[in-house]
Amino acid sequence: MNRVLQHTGAKYPIIQAPMGWIARSQLASAVCNAGGLGVIETSSRETENCIREIRRMPELTDAPFGINLPLLFLRDENMIKFVAESGVKFVTTSAGNPEKIIHILKAHDIIVYHAVPTVKAALKAVDAGVDGLIVEGAEGGGFKNPEEVSTLVLLQAIRDKVDVPMVAAGGIVDGRGMAAAFAVGAEAIQMGTRFVSAKESPVHANFKQAIIDAEDTGTYVLNKKSTPCIRALKTGRTAKIHDAGLMPPDTFTHIQDLYFGGDMEASVGLAGQSAGLITEQKSAADIINETIAGFREITSRLGKLAASDSF
């Protein structure tokens, strides 16, 4: 059996990325109810609100769900303690060294996958004792490694070194990307931008439309000479940041005005290059069902090619 499905308990090997403020119960439960794995974010640092969202999930879905712990962004250990005792059995960690907390999570029989942008980080996470990896290529949105490595290259390079389950993240919106990821060793995919644009996503219609309108070159990598390095949609504001080379300190101050108020110049709209592949708003169920159907059609066709010994 697919190892990621064994670990998550989901119907399909499709995971929703833990976008700050966005990946809460409304979106995560829709993904779970459609057969994927919804993941609740904690990167917003709104500890009480995130705990409330986690507690609300069983009211909205009977399916399993996950929680993300971004280690560098946690205010204190209260969230870690709550997650460890919450009964949730699948946690992703990111933005830091999982060695710091993995013993706490494993003591509660929690499966832990760590997000990695390089082979070096992958090896370090495996040595720390994680059960699997979220392999994040440079195509993805949000916080990035300034030394860009594509998802396709990173998957192959990591698979050459380790045999733990890998979830491919970055540049994937449908069955084509899923089939490509599986061909080089992934056992699941994680989609962020695709689900930000979903009907159940809580973000403002302006943000969803900006994703849909984006071209293949519709994002910038910003702040490469400092931290955090991010990928975001092209706007007037992000163009100025790109030209300057550095983000001003107040870049994220009004991010909720962009996400939920629809002011696309209020902050930076984190999104991946996959925005250039998204052409319409769909429900989480349609996204997942069409992705699985496309994956099966492609892999069936490739299987027939292999059986016929032709190209």
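Two strands are taken to pair if DSSP finds at least two bridges between them; strands (E, at least two residues) and helices (H or I, at least four) are DSSP runs, numbered from the N terminus. The structure is a predicted model, in which local features need pLDDT of at least 70 and side-chain atom pairs count only at pLDDT 80 or more, whereas totals for chains, interfaces and linings use all residues. Residues are numbered from 1 along each chain as its sequence is written, and side-chain values use heavy atoms, with hydrogens and water left out.

The account may start from the sheet. Its 8 strands form an open sheet with parallel pairing, in the order β1-β9-β8-β6-β5-β4-β3-β2.

Leaving aside neighbours within four places in sequence, A169 is in contact (heavy atoms within 4.5 Å) with I134, V135, E136, G137, T151 and Q190. From C-alpha to C-alpha, A169 and I15 are 9.2 Å apart in space, although 154 residues separate them in sequence.

The cysteines come next. With a disulfide defined as a pair of cysteine sulfur atoms within 2.5 Å, the count comes to 0. C50 is accordingly in no disulfide, and the nearest cysteine sulfur, that of C32, is 16 Å away. C50 counts as buried because its relative accessibility is 1%; C229 counts as buried because its relative accessibility is 3%.

Some backbone features remain. Most residues other than glycine have a negative phi, and most peptide bonds are trans. The bond joining T227 and P228, however, is cis, with omega about -5 degrees; P228 is found in the loop between β10 (219–222) and β11 (229–233). D109, which is not a glycine, has a positive phi of about 60 degrees. It lies in the loop between α5 (102–106) and β5 (111–116), and its relative accessible area of 59% makes D109 exposed. D309 has a positive phi near 55 degrees and is placed in the segment after α13 (284–308); at 71% relative accessibility, D309 counts as exposed.

Key:
Buried means under 20% relative accessible area, exposed over 50%, partly exposed in between (1.4 Å probe, protein chains only).
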